[in-house]
Amino acid sequence: MNEVLSNDVVVPSSGTRCLKKNGVEYFLLLNETLFSCSRINRSAAEIISLCNGVNTLEDISKILSEKYKVELERVKKDVKQTLDTLLSLGLLVKVGEEERSPREDFSISRGPGEIWLFVTNRCNLRCTTCFKNAGVEKSNELSYDEIRKFIDEIITVFRPRMIISGGEPLLRRDLNKILSYLKDKGLYVHLTTNGTLIDKNIVEEWRSIGIDFVQISLDGSKPEINDAIRGNGVFQRVINNINLLKENGIKFSLYPTITKLNLEDVPSMIELFCSLSGRETFSGAFFAPVGRGSVNKDQLSPRAEDYIQLISNLINERKTMLRFKNLIGFESKLDRVPGNLTRKLNCGLGTVTISIDSDGSVYPCHWLHLTEYRAGNIRTNSFREIYFGSEILKNLRRLRVDQLECCLGCPWRYLCGGGCRALALFSTGLLTGADPYCKFYKFYFEHALWGNWV
Ligand SMILES: C[S@@+](CC[C@H](N)C(=O)[O-])C[C@H]1O[C@@H](n2cnc3c(N)ncnc32)[C@H](O)[C@@H]1O
Ligand code: SF4
Ligand code: SF4
């Protein structure tokens with residue numbers, strides 16, 4: 001039973017450590033192997049210190065009730081709540097019961113969580129950074145019927161989120177037929193577009209199709225910055241078209257790729273993009289130095305230190321504060337770490353993520369459309385044959401953070417999973433090399449876990 005009873009004795013599970021940081025008024029209870037973690041206050045930390053392998057829930061409650069002169073039943077309720085929560089996270093274990101084993105992240109039977117489908121390589125823009133080197137249509141792009149056949153096959157077993165990308169997807173005349181088919185089959189549809197070709201009719205159709213999300217690329221908060229990358233007049237066209245999405249109630253975000261060209265503009269992009277989209281969150285892509293992005297990559301790629309500086313400035317400017325409940329007595333509330341920090345053994349390439357190019361070639365991720373990582377083609381084999389049978393994908397799945405020399409002993413390894421293997425390859429020439437943003441990840445995890453930006 002996942003509940004602590006009066007006579008139960010619970011202890012920290014093996015590997016669980018209670019960390020204290022100077023200047024912070026709470027603790028972090030962390031199990032690196034499970035990657036399970038919780039922020040706890042002083043009261044909860046005191047309760048845990050009494051979990052010595054002998055004391056029962058009843059004993060602990062009595063000790064604290066006497067010490068703080070608080071009614072026993074009230075203390076017991078709080079102690080139980082604390083122990084129950086930590087037990088459910090695997091940070092505590094009942095004496096005599098089996099410890100929780102780390103979750104197996106590579107259950108491929110569920111299939112990929114997301115599939116990128118590049119519907120064309122044609123593009124009306126020639127962004128200087130484009131990882132797809134998009135512009136001209138490939139001679140052998142998938143037809144509507146081929147895409148439909150592929151969808152029919154995958155939905156018999158999988159339910160991936162579909163990321164529709166390109167080139168510019170809106171240049172396909174049958175785009176809405178494809179989107180409609182995906183939605184008819186009950187899949188989540190996320191469209192990426194440069195936003196320049198959106199018009200009233202298209203948006204109205206999207207609304208009736210029920211498209212889930214539209215991601216519009218914009219690489220700056222002003223024309224000078226965006227248009228230097230995406231082309232003259234693009235900024236204003238996108239801004240004009242956004243209203244059409246708003247009027248039709250379609251969920252969308254504006255999404256930049258961060259390079260040295262727009263790094264300093266990020267605070268202004270946050271202001272502008274959030275106000276235009278009505279969203280409170282902002283995200284952008286790390287720059288991948290591949291395709292056209294590989295030209296002048298040294299002038300374009302931000303360094304890890306640049307990101308650290310950027311985030312530090314944002315934190316300072318916005319005076320981000322931890323939502324911390326400083327409770328008196330034994331209302332031992334636990335402040336869980338953000339839910340999006342989960343255990344990872346690698347970045348998910350070839351497992352969670354799969355990418356299909358406009359000619360039907362299957363790759364482990366959208367940045368690794370390289371011949372040596374081509375796992376097959378949906379024209380010649382079924383998707384399932386490729387996903388389960390490709391030796392390339394099988395080998396990539398074996399690549400876990402524990403095998404990366406650069407990550408040995410890193411306290412965040414099961415949270416980070418070793419960073420992005422594609423970025424590591426572009427930076428070092430080796431798929432097993434170090435991710436160039438490692439320092440930034442360490443900074444990020446440290447702050448995300450401690451919750452405070454001290
Ligand atoms: C290749 S585009 C295709 C869809 C559409 N044409 C567009 O621009 O949004 C998909 C996404 O990749 C981003 N992107 C382009 N080049 C990139 C690079 N070198 N690294 C990371 N993301 C990049 C784009 O900004 C866009 O958000
Ligand atoms: S990033 Fe998008 S809009 Fe720009 S060239 Fe590539 S595919 Fe076209
Ligand atoms: S933070 Fe750096 S060293 Fe640690 S797991 Fe991630 S990439 Fe590896």
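How many residues does helix 2 have, and how far does helix 2 reach from its first C-alpha to its last? Helix 2 covers residues 57-68 and has twelve residues. Its reach is 17 Å, close to the 16 Å expected at 1.5 Å a residue. The model is predicted.

After helix 2 comes Lys69. The phi of Lys69 is positive, near 55°.

Helix 16 runs over residues 438-450. Its buried residues include Phe440, Tyr441 and Leu449. Down the axis of helix 16, the buried residues fall within an arc of 150°, so they too line one face of their helix.

| Helix | Residues | Number of residues | Reach, first C-alpha to last | Expected |
|---|---|---|---|---|
| Helix 2 | 57-68 | twelve residues | 17 Å | 16 Å |
| Helix 16 | 438-450 | 13 residues | 18 Å | 18 Å |

**Two loop residues with positive phi**

Phe35 is not a glycine, yet its phi is positive, near 25°. Phe35 sits in the loop between strand 3 (27-31) and strand 4 (36-40). Is Phe35 buried or exposed? Phe35 has 22 other C-beta atoms within 10 Å. The cut-off for a buried residue is 20 or more, so Phe35 is buried.

Asn296 is another residue other than glycine with a positive phi, about 60°. Its loop lies between strand 12 (285-286) and helix 10 (297-300). Asn296 has 14 C-beta neighbours inside 10 Å, so Asn296 counts as partly exposed.

**Around the ligands**

Ligand 1 has 18 residues around it. Which of them come nearest? They are Phe131, Asn194, Ser217, Ala288 and Gly293. By class, the shell around ligand 1 divides into seven nonpolar, nine polar and two charged residues.

Ligand 2 has its own shell. Cys123, Leu125, Arg126, Cys127, Cys130, Lys132 and Ala134 are among its residues. Gly166, Gly167 and Glu168 also belong to the shell around ligand 2. Asn194 and Ser217 complete the list. Asn194 and Ser217 are also among the residues that come nearest to ligand 1. The shell around ligand 2 has five nonpolar, four polar and three charged residues.

Key. Residues numbered from 1 in each chain as written. Chains lettered and ligands numbered in written order. Predicted model: local features only at pLDDT ≥ 70, side-chain atom pairs only at ≥ 80, totals over all residues. Near = placed C-beta within 6 Å. Nonpolar A, V, L, I, M, F, W, Y, C, P; charged D, E, K, R; others polar. Helix = DSSP H or I, 4+ residues; strand = E, 2+ residues; numbered from the N terminus. Expected span 1.5 Å × (residues − 1). Buried ≥ 20, exposed ≤ 12 C-beta atoms within 10 Å, placed from the backbone. Arc of directions from axis to C-beta.
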